[in-house]
Amino acid sequence: MRLNQPFVRLPLRVDAARLAAELEAIDESAWRDHPEGAPGNTALALLAAGGNPDDDSTKGPMAPTPHLAHLPYARQVLAGLNATIGRTRFMRIAHETELRAHVDTNYYWWHHVRVHIPVVTTPEVMFEVSGVTTHMAAGEVWVFNTWNQHRVDNPASAPRVHLVIDTVGSAELWDLIEHPERELRTIEFTPDATPPIPLETVNWPTVMAPDEVDSILAALVTDVGAVDASHASLVTEPLARFRHDWRNTYARFGLAPEGAEHYRALLVATDAVVAPWDGIVLANGVQLPTALRQLVLGVALNADVPPPRPRGARAAPRQRPLPIAAQLAGPPRIGESIFIVSSPRSGSSLLFETLARAPDLYTIGGESHQLIEAIASLSPEAHGWESNCLSAADATEGVVSHLKDAFVYRLRDREGQRPPGGPTRLLEKTPKNALRIPFLAQAFPEARFVYLYRDPRETISSMLDAWRSGRFVTY
């Protein structure tokens, strides 16, 4: 959520000591690794998609996990915000650890604020947003601008634990955000009270409404213009064409299943248009294509999200049912994978392009540097810039899930078509992945590795030519 200032401390207080005492009763095995594998960062889910504590998704109805039943005051705190509550977790940063700088570009956080309630902390713990640093004291209630770069540093010898609540916010909660000078209110503990929590049931669109597309794109173009007016002029007309075509298609199909292929074709075509814009950045440092994919192109069509209907109404029958085989297949997912492994300058591009002509093989169109290294724990920075090596231990559940989702979103066959659904064969080649085979074998247990070699003298000569050209310097 974009805010007008880095931090806002709300006029609310909670009993941090009581929350901490409740947490002590939770078994350590309930804590899970950070969804993107940030080292030293763990989480305990209280509200999750479908109530599954192992599901980090932000899509679908939120429900209490089994852990919440053992945290009565935490439940009262959630209810005390008087707002519809989305995904909620206790988030812990180990001693002498940090959460690296990042921006929350996911669609979910475009509309949600993240309410932070420090539970266990020390004065040394600092939260930084866009160069502004503050300490959030235990029992305070904060929100911050997630659209800007932010990080957390815990140099202390004890862990830091926050209760982190995602919510779109009610008028009452937004009044507190916009008027933090209001009289301080404490959310008191009431023995034996189990107040109802207004749970989020709608968070992602089946088909994004044209007005929402317009507002998001307008905000991004304005952000680009604040950095470089010429870049804003460059992208305005192509994005306007997409907006008009999206509204035109929506007027024809709305949420009807028959429109899915038309929407999908428009998204794929537009993605190809924005792909060369990697040099265009927003004020927060995020590349424009990344923001467009996270906020519109990758989320404007969600066939797995049922259209909303009035409470108590029966679901309308599909006008054109999917074949049984397609229904059983489900959404696309990576099944068998084929990784071409080689040193640089060994002819892997030619082999990759040749194999990619085979039917039923899907690729991301090129190499996977950005997909892999965009995940914080897999970046070379996380390893002191010493190597691109990754081990099986780096393939945590959250990291693997995030990486596979990134691959699936970009997969196309030789005709540029997305996979129809079910297990999908991935073909991939990135020379750096020769240093990541243990990681890949753990993350993709069905993978085959094709080793391509070339005479070392020819390879080294070509690598020297490439290095001297200055076009292959990455860090």
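**Notes on the fold, salt bridges and cores**

1. Let's start with Arg-32: its relative accessibility is 13%, which makes it buried (buried is under 20% relative accessible area, exposed is over 50%, and partly exposed is in between, with a 1.4 Å probe and protein chains only). Keep in mind that this is a predicted model, where local features need pLDDT of at least 70 and side-chain atom pairs count only at pLDDT 80 or more, while totals for chains, interfaces and linings use all residues. Residues are numbered from 1 along each chain as its sequence is written, and side-chain values use heavy atoms, leaving out hydrogens and water.

2. What does Arg-32 pair with in a salt bridge? The partner is Asp-54, at 3.1 Å from N to O (a salt bridge puts a side-chain nitrogen of Lys or Arg within 4 Å of a carboxyl oxygen of Asp or Glu). Arg-32 belongs to strand S2 and Asp-54 to the loop between strand S3 (41-49) and strand S4 (62-64), so this pair ties together parts 22 residues apart in sequence. Helix and strand labels come from DSSP runs numbered from the N terminus: H or I with at least four residues for helices, E with at least two for strands.

3. Glu-28 and Arg-92 make another salt bridge, with their closest N and O atoms 2.7 Å apart. This one links distant parts of the chain: Glu-28 sits in the loop between helix H1 (16-24) and strand S2 (32-33), Arg-92 sits in strand S5 (residues 88-93), and the two are 64 residues apart. Arg-92 is buried, at 17% relative accessible area.

4. Further along, Lys-432 and Glu-373 meet in a salt bridge at 2.9 Å, N to O. Lys-432 comes from the loop between strand S15 (422-429) and helix H13 (437-443), and Glu-373 from helix H11 (residues 369-373), so you have distant parts of the chain linked across 59 residues. Are these two residues buried or exposed? Lys-432 is buried at 14% relative accessible area, and Glu-373 is buried at 16%.

5. Four strands form an open sheet in the order S6-S11-S8-S9, with antiparallel pairing (two strands pair if DSSP finds at least two bridges between them). Its edge strands, each pairing on one side only, are S6 (97-102) and S9 (132-134). From one strand to the next, the twist averages 15°. Strand S8 (residues 126-129) and strand S11 (residues 150-154) are joined by four bridges, and Val-129 has His-150 in S11 as its bridge partner.

6. Two backbone spots are worth a look on screen. Most residues other than glycine have a negative phi. Asn-82 is not a glycine, yet its phi is positive, at about 55°; you'll find Asn-82 in the loop between helix H2 (72-80) and S5, partly exposed at 36% relative accessible area. Glu-96 also has a positive phi, near 55°. Glu-96 lies in the loop between S5 and S6 and is exposed, at 59%.

7. On to the cores. The largest nonpolar core holds 42 residues, and Leu-220, Phe-242, Trp-246, Leu-288, Leu-292 and Val-296 have the most contacts inside it (a nonpolar core is a set of buried Ala, Val, Leu, Ile, Met, Phe, Trp, Tyr and Cys residues joined through side-chain atoms within 4.5 Å). Helices H3 (108-111), H5 (210-227), H6 (229-253), H7 (260-274) and H8 (288-297) each give two or more residues. H5 gives the most, with seven.

8. Zoom in on Val-296: leaving aside residues up to four places away in sequence, Val-296 touches Met-208, Val-213, Ile-216, Leu-217, Phe-242, Leu-267 and Ala-291 (contact means heavy atoms within 4.5 Å). There is also a second, separate core of 41 residues, including Leu-12, Phe-90, Val-113 and Ile-165.

9. Finally, the overall picture. The protein has 14 helices and 16 strands. Its radius of gyration is 24 Å, close to the 23 Å from the globule rule for 475 residues, so it is as compact as a globular protein of that length (the radius is taken over C-alpha atoms, and the rule is 2.2 Å times the number of residues to the power 0.38). Of the 475 residues, 47% count as buried. Among contacts with a separation of 6 or more, 77% come from residues 24 or more positions apart.

Note on methods
Axes are lines fitted to C-alpha atoms, for helices over the stretch in contact, and angles run from 0 to 180 degrees between N-to-C directions.
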